[in-house]
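This briefing sets out selected features of one protein model for computational work. Please read the points below alongside the sequence and coordinates.

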Amino acid sequence: MMKRNKIQYCNAIPALAAVLLLAFSPISAFAFSFMGLNYSVISESNRTAKVASQNNSKSLSGSIIIPSVVEYNGEIYTVTEIEGNAFIECSNIVEIVVPSTTTTIGDGSFAFCSSLEILDLGEAVKSIGADLYTGLSNLKTVISRNPTPPTIKDWGTVRTSATLYVPKSAMEAYSIASIWSYFENIEGIENSGSDEPIYSYVGFKDIQKLTVGYLVEKIEDKQFSNCTRLSEITLDNNLTAIGDEAFSGCTALTEVVLPPSVKTIGAEAFAGNSNMTSIIMGHNVTTIGEKAFDRCPAQTVSITAQTPPAASDNTFSNYTGMLYVQGQAAADAYYDADFCWFQFEGHVMIEPAGIEMDRKPISGKPGDTFQLTATLYPEDVTLPQVFWRSTNPEIATVDKNGLVTLHADLGEIMPMSRGAEEAQDMLSCKIIAESLYADGPVAEVTVNVNDSGVEDVVVDNDNDRINYSEPVEVYNLNGMLMGESLNGLTPGIYIVRQGKLVEKVAVK
């Protein structure tokens, strides 16, 4: 016997709402989210998907690396397309990398991404729509890795001062191809398949400020090496690893503050940063590679890890600076270390007594923003930095300054069964503010459900109810048709339509 989904009814929607159902359909609906980006299914049989509208999200920032495959309902889908206007007006993105599986990019997919500096088009891209590059006022680098120049319907506004990087064997083809020939500067890179990262060819040599967003867990080897103009970096509190030589030779950097999430720092990660006088690391750092801070002045090194991280004596080339650690026990441990740390002059830092933050729950509709502030006290705490993170970025994200953006209305999607713990966790969200300190103060704000908007329904007249033994149309809250049955749906809230009857149901 087929197991039926458990269904509990919400407030019935009047017949007139059948017309209003269209309001749930944005210009470009999306079926699901994966790792912070929106997607929709192209073909169930071929297991293909496309990047859908990101709804002008300002929370997407830094480098956006689109995966070649995504997971939905336990199935793996290949990302073969980016739909039109997918990233339009996502003004905080600095770099977009299109995977090697993608063949088609729609009209205006990256239009008005005003901070975008690097656009990396995968080797399989064959067709590009109209106005793709309109409004890219900061565009400096375009990488097209297909040996055959992709066809472009219409370029839109062209920033010809940007440098175009193409396979060396295809430089002539691009120089005479329609639209591509508009670039004044075309340079060659090795063809795809080279072991050398694409970044070593084009780098980020002109970048001055860098924000790495919450989608990034590791900065790859040499990714920002020799960016001599880079003077400021902001790393999200989801980053766990920094690769070998990741920021080596960034001579304009004077300080690095690693978020509390960072655990490993690669060999020569910051080597040769001749103006870096301040290095700040959190309590989760366990391993630092050889020469990680070689040739850095390192006048002050602050670290809250209670156990000295594994590090060789050549991690620093300068041990004349001051080392600040958290607590006397840690000071003793660093002093007694058989490697690296004992060579510093140690000092005990001032720890915070608490954190002040407005803890009023957040509720609203997708797209709403809320500014949170958090402050460590006392005022003379050694490390006053506050780091933000979201426990569920699909519901809400938060940037480095505490600006929260809602992506889903919990008043609409919270499952009805209060006992469904797994679904409850999946659809819950908190915004966390924390410090660099081990066992330091933490503050959190709940993205709250508006229970008054979701209630069990009591219907006196069965004639006003949908007959689920007859054909129905099932939509998600974004207006996308999900099927003709409630069976097999993932937990959540759905709109069910049958003729003039429309009901909101919760599936668990």
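Strand E16 (209-212), strand E18 (232-235), strand E20 (255-257), E30 and strand E31 (396-398) each contribute at least two residues to the lining of the second largest pocket. Strands here are DSSP runs of E with at least two residues, and helices are runs of H or I with at least four, numbered from the N terminus. This is a predicted model: local features require pLDDT of at least 70 and side-chain atom pairs pLDDT 80 or more, whereas totals for chains, interfaces and linings use all residues. Residues are numbered from 1 along each chain as its sequence is written, and side-chain values use heavy atoms, with hydrogens and water left out.

**Second largest pocket**
- The second largest pocket has a volume of about 620 Å³, where a volume is the space filled by probe spheres set on grid points joined across faces, edges and corners.
- A pocket is an open set of points on a 1 Å grid over the protein atoms alone, where a 1.4 Å probe fits and protein lies on both sides within 12 Å along at least five of seven lines; lining residues have an atom within 4 Å of a point.
- Of the 28 lining residues, Thr211, Ile233, Thr234, Leu235 and Lys400 are the closest to the centre of the second largest pocket.
- E18 supplies the largest share of this lining, four residues.
- The lining comprises 10 nonpolar, 12 polar and six charged residues, with Ala, Val, Leu, Ile, Met, Phe, Trp, Tyr, Cys and Pro counted as nonpolar, Asp, Glu, Lys and Arg as charged, and the others, Gly among them, as polar.

**Three-stranded sheet with E30**
- E30 also belongs to an open sheet of three strands, in the order E30-E33-E34 with antiparallel pairing; two strands pair if DSSP finds at least two bridges between them.
- Strand E30 (387-390) and strand E34 (442-446) each have a single partner strand, so one side of each lacks a neighbour in the sheet.
- On average, neighbouring strands of this sheet are turned by 20° against each other, direction ignored; axes are lines fitted to C-alpha atoms, and angles run from 0 to 180 degrees between N-to-C directions.
- E30 and strand E33 (residues 430-434) run antiparallel and are joined by four bridges, with Phe387 opposite Glu434 in E33.

**Six-stranded parallel sheet**
- A second open sheet has six strands in the order E5-E8-E10-E12-E14-E15, paired in parallel.
- Strand E5 (62-65) and strand E15 (185-189) are its edge strands, each pairing on one side only.
- Its neighbouring strands are turned by 15° against each other on average, direction ignored.
- E10 and E12 run parallel with four bridges between them, and Ile118 has Thr141 in E12 as its bridge partner.

**Salt bridges**
- A salt bridge places a side-chain nitrogen of Lys or Arg within 4 Å of a carboxyl oxygen of Asp or Glu; the count by this rule is eight.
- Lys140 and Glu117 form a salt bridge through their side chains (3.9 Å, N to O).
- Lys140 lies in the loop between strand E11 (127-130) and strand E12 (141-144), and Glu117 in the loop between strand E9 (104-105) and strand E10 (118-121), 23 residues apart.

**Strand pairs around E7**
- Four bridges link strand E4 (residues 48-51) to strand E7 (residues 75-82) in parallel.
- Strand E6 (residues 69-72) also has four bridges to E7, but runs antiparallel to E7.
- In the hairpin of E6 and E7, with two residues between the strands, Asn73 adopts a positive phi near 55°.
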